[in-house]
Amino acid sequence: MDGSYEWLRDGGEGGRNLDSRTMFFYQATVSTPAMVQKMIGVGSQYAYASTDVNGDYLDGAKTYSLHIPANPPVKDFWSVVIGDPQTRSELETGQTFPSKNNKRDKLAENSDGSVDLYFGPKAPEGKEANWVQTVAGKGWMVSDSSALWPARTLV
């Protein structure tokens with residue numbers, strides 16, 4: 001997004017970043033200054049990804065992991081939600097919520113306080129508390145309400 005709710009490159013000298021604008025509007029449907037302002041301790045920041053660390057689209061038949069470092073820079077909570085790229089809704093799975101957050105969910109933490117989340121059609125053995133179900137044969141996208149991680153860090 002380049003920090004501009006107007007989608008300007010180089011303060012307008014480089015035109016508009018239309019590809020980024022289109023992808024953001026597909027997910028969020030609106031764009032306001034508040035969605036890009038750095039308001040420390042107030043509001044939310046959103047990150048989005050539809051591809052993995054290799055640039056390949058997220059595949060519901062594969063298993064991915066996301067490492068969230070200890071003491072992430074958030075005031076109230078962080079969350080990671082997976083969605084259906086065809087409907088822009090949360091992905092329909094056998095789970096009540098296709099998401100995890102550090103307040104609602106009883107997540108298993110690593111010894112250093114970090115958290116590893118897992119995304120796939122089946123939970124890795126012993127990782128059920130940190131697993132978000134995907135659907136084999138269907139793509140998905142992920143968003144995070146606190147911008148904990150840069151796009152394409154799913155491995």
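Figure 1. The model is predicted: local features need pLDDT of at least 70 and side-chain atom pairs count only at pLDDT 80 or more, while totals for chains, interfaces and linings use all residues. Residues are numbered from 1 along each chain as its sequence is written, and side-chain values use heavy atoms, with hydrogens and water left out. There are 2 aromatic pairs (rings of Phe, Tyr and Trp, the latter by its six-membered ring, with centres within 6.5 Å; planes under 30 degrees apart are stacked, over 60 edge-to-face, the rest tilted). Tyr-64 and Trp-140 make an edge-to-face pair, with 5.6 Å between centres and 75 degrees between planes. Tyr-64 belongs to strand E2 (residues 64-68) and Trp-140 to the loop between E6 and E7, 76 residues apart (strands, E, are DSSP runs of at least two residues and helices, H or I, of at least four, numbered from the N terminus). Tyr-64 is buried, as is Trp-140. Phe-119 and Trp-140 are stacked, at 5.4 Å centre to centre and 25 degrees between the planes. Phe-119 lies in strand E5 (residues 115-120) and Trp-140 in the loop between E6 and E7, so this pair ties together parts 21 residues apart in sequence. Tyr-64, Phe-119 and Trp-140 form one aromatic cluster.

**Figure 2. The salt bridge between Lys-138 and Asp-84.** The N to O distance is 3.1 Å (a salt bridge needs a side-chain nitrogen of Lys or Arg within 4 Å of a carboxyl oxygen of Asp or Glu). Lys-138 lies in the loop between strand E6 (131-133) and strand E7 (141-144) and Asp-84 in the loop between E3 and E4, so the pair ties together parts that are 54 residues apart in sequence. Lys-138 is partly exposed at 21%, whereas Asp-84 is buried at 8%. The count of salt bridges is 2.

**Figure 3. Arg-104 with Asp-105 and Phe-97.** In the salt bridge of Arg-104 with Asp-105, the closest N and O atoms are 3.0 Å apart. Arg-104 also lies over the face of Phe-97, 4.5 Å from the ring centre (NZ of Lys or CZ of Arg within 6 Å of the ring centre and within 35 degrees of the ring normal). Arg-104 is partly exposed at 36%; Asp-105 is buried at 17%.

**Figure 4. Gln-95 in the loop between strand E3 (79-83) and strand E4 (99-101).** Gln-95 is buried at 18% relative accessibility. Beyond its neighbours within four places in sequence, Gln-95 contacts Trp-131, Val-132 and Gln-133 (heavy atoms within 4.5 Å).

Conventions: Buried means under 20% relative accessible area, exposed over 50%, partly exposed in between (1.4 Å probe, protein chains only).
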